[in-house]
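Here is a short tour of one protein chain, written for someone who likes to look at side chains. Keep the viewer open as you read.

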Amino acid sequence: IAAASVLAKVTRDKLMRQYHEQFPQYAFDKHKGYGTSLHRGLIKKHGPCPIHRRTFKGVMEFFWNLNESQSFKIILFCMIFPSYFDTYVADFILNK
(Lines give C-alpha, C1' and ligand atoms only; values in the text may rest on other atoms or scores of the structure.)
Protein backbone atom coordinates (compact mmCIF):
# COMPACT_ATOMS: atom_id res chain seq x y z
CA ILE A 1 0.00 0.00 0.00
CA ALA A 2 2.82 2.40 0.85
CA ALA A 3 4.45 1.83 -2.55
CA ALA A 4 1.15 2.54 -4.33
CA SER A 5 0.77 5.75 -2.34
CA VAL A 6 4.26 6.91 -3.32
CA LEU A 7 3.62 6.00 -6.96
CA ALA A 8 0.34 7.93 -6.95
CA LYS A 9 2.05 11.02 -5.49
CA VAL A 10 4.91 10.87 -8.01
CA THR A 11 2.40 10.52 -10.86
CA ARG A 12 0.28 13.42 -9.56
CA ASP A 13 3.36 15.65 -9.15
CA LYS A 14 4.41 14.89 -12.74
CA LEU A 15 0.90 15.68 -14.00
CA MET A 16 0.86 18.95 -12.06
CA ARG A 17 4.20 19.98 -13.63
CA GLN A 18 2.64 19.35 -17.06
CA TYR A 19 -0.41 21.42 -16.10
CA HIS A 20 1.94 24.16 -14.91
CA GLU A 21 3.42 24.32 -18.42
CA GLN A 22 -0.09 24.74 -19.87
CA PHE A 23 -1.36 27.14 -17.21
CA PRO A 24 1.67 28.80 -15.57
CA GLN A 25 -0.42 31.54 -13.95
CA TYR A 26 -1.82 28.94 -11.52
CA ALA A 27 1.58 27.76 -10.14
CA PHE A 28 0.61 24.08 -10.18
CA ASP A 29 4.33 23.33 -9.80
CA LYS A 30 4.21 24.88 -6.32
CA HIS A 31 0.95 23.69 -4.74
CA LYS A 32 0.44 20.51 -6.84
CA GLY A 33 -3.29 21.16 -7.03
CA TYR A 34 -3.89 21.07 -3.29
CA GLY A 35 -6.26 23.65 -1.80
CA THR A 36 -3.59 25.98 -0.44
CA SER A 37 -4.14 29.68 0.08
CA LEU A 38 -1.84 30.28 -2.92
CA HIS A 39 -3.99 28.03 -5.14
CA ARG A 40 -7.25 29.60 -4.04
CA GLY A 41 -5.79 33.10 -4.40
CA LEU A 42 -4.70 32.39 -7.97
CA ILE A 43 -8.18 31.11 -8.85
CA LYS A 44 -9.61 34.29 -7.35
CA LYS A 45 -7.20 36.37 -9.44
CA HIS A 46 -7.45 34.48 -12.78
CA GLY A 47 -10.68 32.51 -12.49
CA PRO A 48 -10.75 28.72 -12.90
CA CYS A 49 -9.13 26.98 -15.85
CA PRO A 50 -10.45 23.90 -17.68
CA ILE A 51 -8.70 21.42 -15.37
CA HIS A 52 -10.17 22.82 -12.14
CA ARG A 53 -12.88 20.71 -10.56
CA ARG A 54 -16.14 22.62 -10.41
CA THR A 55 -16.68 21.30 -6.90
CA PHE A 56 -13.32 22.61 -5.61
CA LYS A 57 -13.99 25.23 -2.93
CA GLY A 58 -11.74 27.81 -4.61
CA VAL A 59 -13.69 27.50 -7.87
CA MET A 60 -17.02 27.84 -6.08
CA GLU A 61 -15.71 30.88 -4.19
CA PHE A 62 -14.79 32.46 -7.52
CA PHE A 63 -18.25 31.91 -9.00
CA TRP A 64 -20.23 32.96 -5.95
CA ASN A 65 -18.19 36.12 -5.30
CA LEU A 66 -18.83 37.72 -8.68
CA ASN A 67 -20.80 40.94 -8.55
CA GLU A 68 -23.51 41.95 -11.00
CA SER A 69 -21.12 43.63 -13.43
CA GLN A 70 -18.97 40.50 -13.52
CA SER A 71 -21.81 38.11 -14.29
CA PHE A 72 -20.98 38.24 -17.99
CA LYS A 73 -17.67 36.50 -17.16
CA ILE A 74 -19.44 33.38 -16.03
CA ILE A 75 -21.62 33.23 -19.12
CA LEU A 76 -18.60 33.71 -21.39
CA PHE A 77 -16.64 31.14 -19.39
CA CYS A 78 -19.43 28.59 -19.81
CA MET A 79 -19.57 29.25 -23.53
CA ILE A 80 -15.85 28.57 -23.81
CA PHE A 81 -15.89 25.61 -21.40
CA PRO A 82 -19.40 24.14 -21.73
CA SER A 83 -18.64 21.28 -19.37
CA TYR A 84 -18.58 23.86 -16.56
CA PHE A 85 -22.22 24.72 -17.18
CA ASP A 86 -23.69 22.42 -14.60
CA THR A 87 -26.15 22.76 -11.77
CA TYR A 88 -23.95 25.04 -9.70
CA VAL A 89 -23.34 27.51 -12.51
CA ALA A 90 -26.92 27.42 -13.75
CA ASP A 91 -28.10 28.08 -10.18
CA PHE A 92 -25.70 31.03 -9.94
CA ILE A 93 -26.94 32.59 -13.18
CA LEU A 94 -30.63 32.04 -12.43
CA ASN A 95 -30.39 33.42 -8.88
CA LYS A 96 -28.13 36.40 -9.55
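Leu-76 sits in helix H5, residues 71-80. Together with Met-79 and Ile-80, Leu-76 forms a nonpolar surface patch with about 330 Å² of accessible area.

A word on what you are looking at: this is a predicted model, where local features need pLDDT of at least 70, side-chain atom pairs count only at pLDDT 80 or more, and totals for chains, interfaces and linings use all residues. Residues are numbered from 1 along each chain as its sequence is written, and side-chain values use heavy atoms, leaving out hydrogens and water.

**The overall picture**

The protein has 6 helices and 0 strands (DSSP runs of H or I with at least four residues, and of E with at least two, numbered from the N terminus). Of its 96 residues, 33% are buried. The protein exposes about 6,400 Å², and carbon and sulfur atoms supply 61% of that area (Shrake-Rupley method, 1.4 Å probe).

**Around His-31**

Now turn to helix H2, residues 28-31, where you will find His-31. Is His-31 buried or exposed? His-31 is buried, at a relative accessible area of 4%. Leaving aside residues up to four places away in sequence, His-31 touches Tyr-26, Thr-36, Leu-38 and His-39 (a contact means heavy atoms within 4.5 Å). Two backbone atoms lie close to polar atoms of its side chain, as the table shows.

| Backbone atom | Distance to a polar side-chain atom of His-31 |
|---|---|
| Oxygen of Tyr-26 | 2.6 Å |
| Nitrogen of Gly-33 | 2.9 Å |

**Helix H3 and its two sides**

His-39, one of the residues that His-31 touches, belongs to helix H3, residues 37-46, where His-39, Leu-42 and Ile-43 are buried. Viewed down the axis of H3, the buried residues fall within an arc of 100 degrees, so they line one face of the helix (the arc is that of the directions from the helix axis to the C-beta atoms). What do these buried residues of H3 pack against? Their partners are H2 and helix H4, 57-64. On the other side of H3, Ser-37, Lys-44 and Lys-45 are exposed. After H3 comes Gly-47, with a positive phi near 80 degrees.

Technical notes
Buried < 20%, exposed > 50% of the residue type's maximum accessible area, 1.4 Å probe, protein only. Polar contact = N/O pair within 3.5 Å; in protein donor to acceptor, adjacent residues only side chain to side chain. Patch = residues over 30% accessible without salt bridge, like charges linked within 9 Å, V, L, I, M, F, W, Y side chains within 5 Å. Salt bridge = Lys/Arg side-chain N within 4 Å of Asp/Glu carboxyl O.
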